[in-house]
Amino acid sequence: MLMGKEARGFKGGFDLLDAYPLKFCNIVEDISSDGTPETFHFSVPSQKVEHVIVSLCPTEPWALPNWVILRHKTTAFLTILKEIKNSYFSDARFYIAINEKEDRTVTDAKNFACNEDWMSVFPLYAKYPQDDPVVLTKVILGMDVNFGQDTKSLGVLILDAQTVSAMYESRILRKNVNSRFIVLSGTGLKENEILNVQLGTSIEKILKNKVKEVVRHRVFINGPLRGQEITDLSQKTDWSVNHIVVLEEKDQKVMFPMIKPDELVLTTNLLGELRRCIYCNYCDDICPVDLEPALYYHSYTRGEKHKARLYNLGKCIECGLCSFICPSKLELLEIIKECKALDKQK
Ligand code: SF4
Ligand code: SF4
């Protein structure tokens, strides 16, 4: 017997889903690889897994929505999960984190859990970056994980819905899983789409005929906030590619982007007009791990990069929210990464 738990959260963060709701084309297009597609393989961790967190709580609007995998059949998904538990992690406890706004999914999961003592349901406020491993592990298990630390070393495995589905198909149904859903979105595209892409397909092939003509654009793998901007589109997709965001390049700064929620403004100072910190403290307020990003900026501009480390720099989870919210569009995360890298250079 299991009790559903109340939603818990953290200070800071930002409700991206609310600010930037995205509409997707309903048709899921298949894209095949030019070569032999790679096959999904799940390696069972060598360490004993005591806790499995299943994240059904995506917090970025460009992430794969739950309905693509669950198909509004939560009970069927949880039945699959039970088979996975029995096959791989019979001693582990499972925690299902669900966006609290997805009422039907939460209710179905709670009803299912009433008869299952191996799982708990956690309805959560899906503000970004609630689904980050550091935040998720803290909120659900009360455990401290360092940024970049492999949670498996602590006996914690975090799975998303798509990986659960692939584990079931490959290890239990013995199917050859060689494709995954990838979400394509952004102001630089003709439309937002969900694709079923064979592993090993190039980004170039995925984007063919989908980018708006005559716009300069930037391509981000796994989102503009914590993902990576790429310029080499020949790069192949693997299981780690969840979404591709293509943004129209804007080379003019926009004052106070937070009052323009219809635009995802990720401009840089391409015009060379560096702005100053205006001490608004927005970056401090939004930081989900209670840091003060402006301190890093001021240490950096004073030429005291090493001093930045005195202010808990190592706790930064590189979510990118401080850069996102800064009205002066200062590249705070870039500065933070540069300061962090000083440790590695030693
Ligand atoms: S990137 Fe780091 S400092 Fe900036 S908001 Fe995120 S956790 Fe805080
Ligand atoms: S959000 Fe930008 S301008 Fe405001 S305090 Fe932080 S660094 Fe300064």
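Visitor: In this predicted model, at what angle do α3 and α4 pack, and are they parallel or oblique to each other?
Guide: Helix α3 and helix α4 (residues 103-113) have their axes 9 Å apart and pack at an angle of about 45 degrees.

Visitor: How many nonpolar residues sit in the contact of α3 with α6?
Guide: From α3 come Ile80, Leu81, Glu83, Ile84 and Ser87, and they meet Val164, Met167, Tyr168, Arg171 and Ile172 of α6. Sort these by class and you get 1 polar and 2 charged residues. The nonpolar ones number 7.

Visitor: Which strands does α6 lie across?
Guide: Look at how α6 is placed against the strands. Helix α6 runs at about 95 degrees to β5. The strands it lies across are β2 and β5.

Visitor: Which strands are at the edges of the sheet of 4 strands?
Guide: This open sheet has the order β4-β3-β2-β5, with parallel pairing. An edge strand here pairs on one side only. From one strand to the next, the twist averages 20 degrees. Going by the order, the edge strands are β4 (119-124) and β5 (156-160).

Visitor: What is the bridge partner of His51 in β5?
Guide: Strand β2 covers residues 51-56 and pairs with β5 in the parallel sense, over 5 bridges. Follow His51 across to β5 and you land on its bridge partner, Val156.

Visitor: In the open sheet of 6 strands, why do β1 and β9 each have one side without a neighbour?
Guide: The order is β1-β7-β6-β10-β8-β9, and the pairing is mixed. That puts β1 (29-31) and β9 (228-230) at the edges, so one side of each is left without a neighbour because each has a single partner strand. The twist in this sheet averages 30 degrees from one strand to the next.

Visitor: Which element gives the most to the shell around ligand 1?
Guide: There are 16 residues around ligand 1, and those that come nearest are Cys287, Cys316, Cys319, Leu321 and Cys322. Two elements give two or more residues to this shell, α11 (321-325) and α12 (332-345). By class, the shell has 14 nonpolar, 1 polar and 1 charged residues. With 3 residues, the element that gives the most is α12.

Visitor: And where does the largest share of the shell around ligand 2 come from?
Guide: Ligand 2 is surrounded by 16 residues, with Cys277, Cys280, Cys283, Ala294 and Cys326 the closest. The elements giving two or more residues are α8 (282-286) and α9 (293-301). Its shell divides into 14 nonpolar, 2 polar and no charged residues. The largest share, 3 residues, comes from α9.

Visitor: What is omega for the peptide bond that joins Tyr128 and Pro129?
Guide: Pro129 is in the loop between β4 and α5 (133-141). Most peptide bonds are trans. The bond joining Tyr128 and Pro129 is cis, and its omega is about 0 degrees.

Visitor: What about Arg71: is its phi positive or negative?
Guide: You'll find Arg71 in the loop between α2 (66-70) and α3. Most residues other than glycine have a negative phi. Arg71 is not a glycine, yet its phi, at about 50 degrees, is positive.

Methods
Residues numbered from 1 in each chain as written. Chains lettered and ligands numbered in written order. Predicted model: local features only at pLDDT ≥ 70, side-chain atom pairs only at ≥ 80, totals over all residues. Near = placed C-beta within 6 Å. Nonpolar A, V, L, I, M, F, W, Y, C, P; charged D, E, K, R; others polar. Pairing = 2+ DSSP bridges. Axes fitted to C-alpha atoms, helices over the stretch in contact; angles between N-to-C directions. Contact = placed C-beta atoms within 7 Å.
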